[in-house]
Each structure stands twice: as structure tokens, then as C-alpha cells.
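Biologist: I have a chain here and would like to talk it through. Can we take it question by question?

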Amino acid sequence: AIGTRSQLCQVLPGFRIVVIVDRREAYENLDLPLLNRFEKQMLTAREVLTPAQEAVVDKLMAWCLKIMADAELPSLQDTFVGFHPDTLPSLVTVHWPLIEKLGWEDNDGVKRVLSRIAHPIAVFRSAELSNTLRAQSGDAVQHMDLVRALDATLISDGASNENGNHAVGKLMLMLTKSPLAHFDVAAEEVAAADVAVGIQTVLRLSDVPSEKALTKAVERFYRGSAAEGKDDNDTGNDGNAIDNG
């Protein structure tokens, strides 16, 4: 079938067909008559694991739950960015050679990978996450606050790109899940670094009256005129803010 057009055709007696569809697509969009014509099998990342890999996933899940409890957060999604049921099975599958070499508990292994996708608030509250990141970043935990994040991505030697220049002009999205009340300190840190990191501005969403106004503010920023003619809708320092740095 192509679109609304379908046509009968001859096939061999032993003809078989396998249709691979995303689970959500199958359950929410496909017609029931189509689904009922097939034998359905659910395949997830966990179902392809070996017994040894499953054991590591269980241990990592216990570690993640401990981090969640230490950080006093309500869910794993609030502890690690984008966490879902296949996060750990996929992680173990991809990094299995590293796990076999170092073991799952080594701070240079999968713990480091998980720590780097932890929300800053989780790193701030969990000593174990902080220690894991310190062990691989020379005591500079870039998740701890915006000052360290800017230093790690824009100011320090490690932020240089392949041409030896600092990461000027790079578009970055920082998910803080925490107030930006410390942005003034971060801006001072950038200004004192003697590095041309461009223009930074903070836009309070509560001050933006419409999507059109937000679009204009972003366009004005990227045209390089954000430093000129700023009005009350362009700048601010608030927990609900967009950091364009």
C-alpha cells in the first residue's frame, strides 16, 4: 500500500514480513486492524542484555536511587537529565567494554557518564556525585554553579576548540533547574577572565508578553545589538531566565 492506494499481489508460500514500529507510534497512531494482523513482540534495551549485564544494571539502579535519596529529589528524572527505563540498559550495552575493564564502580567508568548528565541540583546536594566529578575534573565541578559552568565551557584552557581558540560563538543550552540568582557573580567572573566571550544577556520569561516578543529579543541578541537599546523586556536576573552566553 502507498498512501490510500492498495493492491493485492502474489507472494511465495513461505513469505514472512517483519514490521518494526516505535512502541508509542504503534499504540497511539496505528489502526487496530493493522496491529491485529501481526504477532506482536516488545523489544527493549534490557531484553538484549546478558545475565552479567543485567546484574550491572541492577547495581547501577541501586546507586542511582541512593543518589536520588541523598539529593532529596522526587524522581530519577529530577536527578538525571532525560532518565527513562532504557537509560541504564543502553548505557551498559554501549559501555560494556569499559565496564569489563574498570568495573561499574570505578569513577572513571559509567559512574562518570551518569554524573555528567545529573542535574546541577543533584550534584549540589549529593556528595557522592560531587566527588565523582571532582575525581575526573581536577576538583573543578562544573555542575556546581553557573560560575564553574562558564569557566569550564568558555574560560579555562580546557574550553579551547580544535583551533586553539576559546569556544566563542558556540551555541550552548544549560539546564540548571535552579535559580539564576548568582548570575551577577558569573558575569563578573567572565568579565575578569580577559577572554572575548561575546555578549551575555538574561531574559526573564515573566517579562516577555508574547512569543513574537521573545523571537525579536533572541534575533536582536544574535544580531549583536543586545548591548544597545536594552529595555525592561531584555534584561533581568530571575529564576525563570534564559541565559544566552
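Biologist: Of the contacts with a separation of 6 or more, what share joins residues 24 or more positions apart?
Modeller: A contact means heavy atoms within 4.5 Å. Among contacts in the protein with a separation of 6 or more, residues 24 or more positions apart account for 60%. This is a predicted model, where local features need pLDDT of at least 70 and side-chain atom pairs count only at pLDDT 80 or more, while totals for chains, interfaces and linings use all residues. Residues are numbered from 1 along each chain as its sequence is written, and side-chain values use heavy atoms, leaving out hydrogens and water. The share asked for is 60%.

Biologist: Is lysine 111 buried or exposed?
Modeller: Buried means under 20% relative accessible area, exposed over 50%, and partly exposed in between (1.4 Å probe, protein chains only). Lysine 111 has 8% relative accessibility, so the label is buried.

Biologist: How many residues apart in sequence are the parts tied together by lysine 66 and glutamate 128?
Modeller: Helices are DSSP runs (H or I, at least four residues), and strands are too (E, at least two), numbered from the N terminus. The salt bridge of lysine 66 with glutamate 128 has its closest N and O atoms 3.3 Å apart. Lysine 66 sits in helix H3 and glutamate 128 in helix H8, so the pair ties together parts separated by 62 residues.

Biologist: Which backbone oxygens does the side chain of lysine 40 reach?
Modeller: Lysine 40 is in the loop between H2 and H3. Its side chain reaches one backbone oxygen at 3.0 Å, that of leucine 35. At 3.1 Å it reaches the backbone oxygen of phenylalanine 38.

Biologist: Are the rings of phenylalanine 80 and phenylalanine 83 stacked, edge-to-face or tilted?
Modeller: Rings of Phe, Tyr and Trp (its six-membered ring) pair if their centres lie within 6.5 Å; planes under 30 degrees apart count as stacked, over 60 as edge-to-face and the rest as tilted. The count comes to 1 aromatic pair. The centres of phenylalanine 80 and phenylalanine 83 are 6.1 Å apart and the planes are at 40°, so the pair is tilted.

Definitions and conventions: A polar contact is a pair of N or O atoms within 3.5 Å; within protein, one must be able to donate a hydrogen and the other to accept it, and residues adjacent in sequence count only if both atoms are side-chain atoms. A salt bridge is a side-chain nitrogen of Lys or Arg within 4 Å of a carboxyl oxygen of Asp or Glu.
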